[in-house]
Amino acid sequence: MTMVRSTGAGTQDVPRRRPPMRRLATAAALLGALVVLASACSRSAPAPQPPPQAGPGQLTIWLTGYSWQDNTPPGSSVVGEPVLHKQAGGQGTFADPITVAVPGHQGKMAWEPGTKFYLPSVQRYVMVEDSGAAKAPSGTDTHLDMWIDGQDGTKQATDDCENEFTGRVPAQVNPPDNLPVMAGPIFANQKCNIPPQASNMGTYKDSDDISDGSGDSGGDSGDTGSGHHHDDSSGGN
């Protein structure tokens with residue numbers, strides 16, 4: 001395109017300069033990007049993701065055991081609050097947890113029947129299906145009295161097994177189903193089937209350890225840490 005410019009000597013065609021289209025397009029694109037960026041920055045930041053749910057409850061418990069030889073009545077596997085098992089039992093897996101007794105009696109138990117725990121010290125899942133355990137000693141969250149079976153063992157052998165794992169140990173309430181398991185009864189084939197235990201898991205010492213009317217006698221005056229003889233004084237199991 002040209003334009004005509006008049007001069008003293010007449011008219012003269014003068015070419016008109018074309019605008020720098022490429023540079024204008026580039027500048028427009030850059031301006032658009034800046035506008036988008038500014039708009040994004042002006043928006044509120046996205047809400048943070050909720051934290052993962054808390055894991056299973058971590059407890060410190062007083063763990064003891066009872067067997068065919070020291071159940072009430074002796075020579076039986078009767079339980080007071082059957083849920084999964086009509087008689088005390090279990091393999092220690094998530095699907096088939098071992099029976100445990102807790103302090104208290106029917107209607108006033110420390111834990112509801114059917115409550116599951118995982119005990120890493122013996123690598124077993126357990127479930128509340130019995131009552132009459134002694135109160136938990138000071139410094140623990142609860143007392144679990146675990147069924148060990150032991151029908152094929154002597155009273156001395158089952159007592160020795162119970163003493164081996166008795167003490168202050170960790171536990172998980174309402175645990176996941178994928179924790180390590182050493183499946184099978186605690187005492188079977190005339191031996192105690194548990195992993196190696198800590199050398200000192202404490203002793204049962206509490207001002208009211210002799211008896212609180214809820215069952216277990218608390219062991220040898222609270223000094224040895226045994227406290228494992230299950231005795232439901234209500235006759236419920």
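Q: Does Lys155 count as buried, exposed or partly exposed?
A: This is a predicted model, in which local features need pLDDT of at least 70, side-chain atom pairs count only at pLDDT 80 or more, and totals for chains, interfaces and linings use all residues. Residues are numbered from 1 along each chain as its sequence is written, and side-chain values use heavy atoms, with hydrogens and water left out. Buried means under 20% relative accessible area, exposed means over 50%, and partly exposed lies in between (1.4 Å probe, protein chains only). Lys155 has 35% relative accessibility, so the class of Lys155 is partly exposed.

Q: How many residues apart in sequence are the parts that the pair Cys161 and Cys192 ties together?
A: The structure holds 1 disulfide, a disulfide being a pair of cysteine sulfur atoms within 2.5 Å. Cys161 and Cys192 form this bond, with their sulfur atoms 2.0 Å apart. Because Cys161 lies in helix H2 (residues 155–165) and Cys192 in strand S10 (residues 191–192), the separation of the parts tied together in sequence is 31 residues.

Q: What is the handedness of the disulfide of Cys161 and Cys192?
A: Cys161 is buried at 2% relative accessibility, whereas Cys192 is partly exposed at 24%. The torsion about their S-S bond is about 65°, so the disulfide is right-handed.

Q: Which residues have the most contacts inside the largest nonpolar core?
A: A nonpolar core is a set of buried Ala, Val, Leu, Ile, Met, Phe, Trp, Tyr and Cys residues joined through side-chain atoms within 4.5 Å. In soluble globular proteins, nonpolar side chains tend to be buried together. The largest core here has 31 residues, and those with the most contacts inside it are Leu119, Leu144, Met146 and Phe165. Elements that each supply at least two residues of this core include H2, strand S7 (142–147) and strand S8 (167–173).

Q: Which residues does Leu119 touch, not counting those up to four places away in sequence?
A: Contact means heavy atoms within 4.5 Å. With residues up to four places away in sequence left out, Leu119 touches Ile61, Leu63, Arg124, Val126, Leu144, Met146, Pro170 and Ala171.

Q: What is the phi of Gln190?
A: Gln190 lies in the loop between strand S9 (187–188) and S10. Gln190 is exposed, with a relative accessible area of 61%. Its phi is positive in a residue other than glycine, with a value near 65°.

Q: What is the omega of the peptide bond that joins Thr72 and Pro73?
A: Pro73 is in the loop between strand S3 (57–66) and strand S4 (98–103). The bond from Thr72 to Pro73 is cis, with an omega of about 0°.

Note on methods: Helix = DSSP H or I, 4+ residues; strand = E, 2+ residues; numbered from the N terminus.
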